[in-house]
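Open the model in your viewer and have the selection tool ready. We will go from stop to stop, picking out a few residues each time.

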Amino acid sequence: EDLAKTEVELAALEAYLLKIKPGCDFITENLDGRITARVKESQSLKDATALLKGSSVYKQAMEEQHQEDLGECKGICETSEDHVDCKACIGKTSVPGYCASHPATAGC
């Protein structure tokens with residue numbers, strides 16, 4: 001009884017494997033082509049990203065966002081964003097406080 005049941009299950013599994021075999025074969029037979037296409041697609045996306053980031057519109061938008069991000073420190077940071085006055089403002093701390101932990105900053 002167990003043997004007969006196992007043989008029926010085995011036959012069903014073998015039939016199922018035969019049924020899905022074409023799909024599995026398709027995947028393995030076309031794997032190299034799919035990998036090549038994926039590499040080309042990835043490179044195309046990198047190229048497109050570089051083109052977009054190089055555009056004047058993108059650069060302008062990034063600069064506008066940067067100015068907006070400076071918020072209340074915009075006027076202080078106009079002269080130099082590397083100066084301690086700007087860094088302290090952005091860090092929402094005092095100049096002496098900023099210099100205590102960043103002594104190499106310009107203006108400390």
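The tour below covers charged pairs first, then a lysine, then surface patches. Keep in mind that this is a predicted model.

**Stop 1: helix α1**

How many salt bridges does a search of the whole structure find? The search finds 2. Select K21 and D25 to see one of them. Their side chains meet at 2.7 Å, N to O. Both residues lie in helix α1, which covers residues 2–29. They sit 4 residues apart, about one turn of the helix.

Now show the surface. D25 has a relative accessible area of 25% and is partly exposed. K21 is partly exposed as well, with a relative accessibility of 41%.

**Stop 2: helix α2**

Select R38 and E41. Their side chains form a salt bridge, with N to O at 3.9 Å. That counts because the cut-off for a salt bridge is within 4 Å. Which helix holds R38 and E41? Both lie in helix α2, residues 31–54.

Is R38 buried or exposed? R38 is exposed, at 54% relative accessibility. E41 reaches 43% and counts as partly exposed. The general idea behind such pairs is simple: side chains of opposite charge can pair when their charged atoms come close.

**Stop 3: a lysine in helix α3**

Move to K59. This residue is in helix α3, residues 56–70. K59 has 52% relative accessibility, so it counts as exposed. Which residues does K59 touch, leaving out those up to four places away in sequence? The answer is K53 and G54. Select them together with K59 to view the contacts.

**Stop 4: a nonpolar patch**

Select L31, I35 and V39. On the surface they form a nonpolar patch. Together they have about 260 Å² of accessible area. Zoom in on I35, which is found in helix α2. I35 is partly exposed, at 45% relative accessibility.

**Stop 5: a negative patch**

Finish with E63, E64, E81 and D82. These residues form a negative surface patch. Where is E81 found? Look in the loop between α4 (74–77) and α5 (84–90). E81 has a relative accessible area of 31%, which makes this residue partly exposed.

To compare the stops, show both patches together: the nonpolar one with L31, I35 and V39, and the negative one with E63, E64, E81 and D82.

Terms used
Residues are numbered from 1 along each chain as its sequence is written. This is a predicted model: local features need pLDDT of at least 70, side-chain atom pairs count only at pLDDT 80 or more; totals for chains, interfaces and linings use all residues. Side-chain values use heavy atoms; hydrogens and water are left out. Helices (H or I, at least four residues) and strands (E, at least two) are DSSP runs, numbered from the N terminus. Buried means under 20% relative accessible area, exposed over 50%, partly exposed in between (1.4 Å probe, protein chains only). Contact means heavy atoms within 4.5 Å. Patches are made of residues with over 30% relative accessible area and no salt bridge: like charges are joined within 9 Å, nonpolar side chains (Val, Leu, Ile, Met, Phe, Trp, Tyr) within 5 Å. Accessible areas come from the Shrake-Rupley method with a 1.4 Å probe; for residues, only the protein chains shown count as cover. Lys and Arg count as positive and Asp and Glu as negative; His and the chain ends are not counted. The place of a charge is taken as NZ of Lys, CZ of Arg, CG of Asp or CD of Glu.
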